[in-house]
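Please look over the sequence and the model before reading the notes below.

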Amino acid sequence: APIASSGFFFSLIYIVLGRLISAIDPIFLAALGIGHRIEALAYSACEGYAIGAATCVGIWLGADEEQKARHTATTAARIAIATLLPVSILTLLFAPFAASFFSSGDIHVATAATNYLRIVALVFPVMAIDSVYEGSLTGAQRTLPALVATVIGSFLRIPLALCLIPYFGVNGVWIAIAATTLFKAPAKYFAFRTADIRLSSSGTTRRSLALSPSSAG
């Protein structure tokens, strides 16, 4: 339920952001769509690391190896950062070319998409941390903290965008989208590091059952 709720709320926030962007100029919705299409490369990589972290953390906790589970999350985060750094640099360098390719020659859409890509590319490594620790929390069966961080971080995009639009125009929306990632990633990292993930271990559950009076004989 928390994972499904997270996806629903995330989509709802983008509906509101879409209204804000459309109020500035409808062409910027096309720029956002182009940005998402190109950003999907980084997002797909992050999703892969999230699934991998969830699987490995769950396996180690199932073997009653809490420290190895925590170490796995740390290692996954480091590898994910190392992977997303080059993607971030390439996006910064080639954003104008990629945006122009998908915008069919519309310079206004291409410029807005380029600005979007360059702003969000700065937080790709942070997005990697966000994804890895969300996956780690899922593997540890601690999905509620990830949901809370996602909901709060996504919701903050709306008031932040409203504050920035008068100064930066549509770029204020792009900045709000990127900036809230800087909140979600540390929140999920802290939640995983402080959570009592031992209770998620199937090994612990098996030992509890083995020691219970009802299991004797």
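Predicted model: local features only at pLDDT ≥ 70, side-chain atom pairs only at ≥ 80, totals over all residues.

Residues are numbered from 1 along each chain as its sequence is written, and side-chain values use heavy atoms, with hydrogens and water left out.

**Helices H6 and H7**

- Helices here are DSSP runs of H or I with at least four residues, numbered from the N terminus.
- Helix H6 (residues 143-155) packs with helix H7 (residues 157-168) at an angle of about 20 degrees, and their axes are 4 Å apart; axes are lines fitted to C-alpha atoms over the stretch in contact, and angles run from 0 to 180 degrees between N-to-C directions.
- H6 is therefore roughly parallel to H7, a term for angles under 35 degrees.
- Gly-153, Ser-154 and Phe-155 of H6 meet Arg-157, Ile-158 and Pro-159 of H7, where contact means heavy atoms within 4.5 Å.

**Ile-177 in helix H8**

- Ile-177 belongs to helix H8 (residues 170-194).
- With a relative accessible area of 5%, Ile-177 is buried; buried means under 20% relative accessible area, exposed over 50%, and partly exposed in between (1.4 Å probe, protein chains only).
- Neighbours within four places in sequence aside, Ile-177 is in contact with Tyr-14, Leu-17, Tyr-116, Val-120 and Arg-157.
- Arg-157 and Ile-177 are 20 residues apart in sequence, and 5.9 Å lies between their C-alpha atoms.

**Thr-114 in helix H4**

- Thr-114, in helix H4 (residues 107-121), is buried at a relative accessible area of 9%.
- A polar atom of the Thr-114 side chain lies 2.7 Å from the backbone oxygen of Ala-110.
- Apart from neighbours within four places in sequence, Thr-114 is in contact with Ala-95, Pro-96 and Ala-99.

**Asp-130 in helix H5**

- Asp-130 lies in helix H5 (residues 124-139) and counts as buried at 7% relative accessibility.
- The side chains of Asp-130 and Lys-188 are joined by a polar contact of 2.6 Å, that is, a pair of N or O atoms within 3.5 Å, one able to donate a hydrogen and the other to accept it, with residues adjacent in sequence counting only if both atoms are side-chain atoms.

**Cysteines**

- Cys-46 is buried at 1% relative accessibility, whereas Cys-56 is partly exposed at 35%.
- The count of disulfides is zero, a disulfide being a pair of cysteine sulfur atoms within 2.5 Å.

Methods
Helix = DSSP H or I, 4+ residues; strand = E, 2+ residues; numbered from the N terminus. Parallel < 35°, antiparallel > 145°, perpendicular 65-115°, else oblique.
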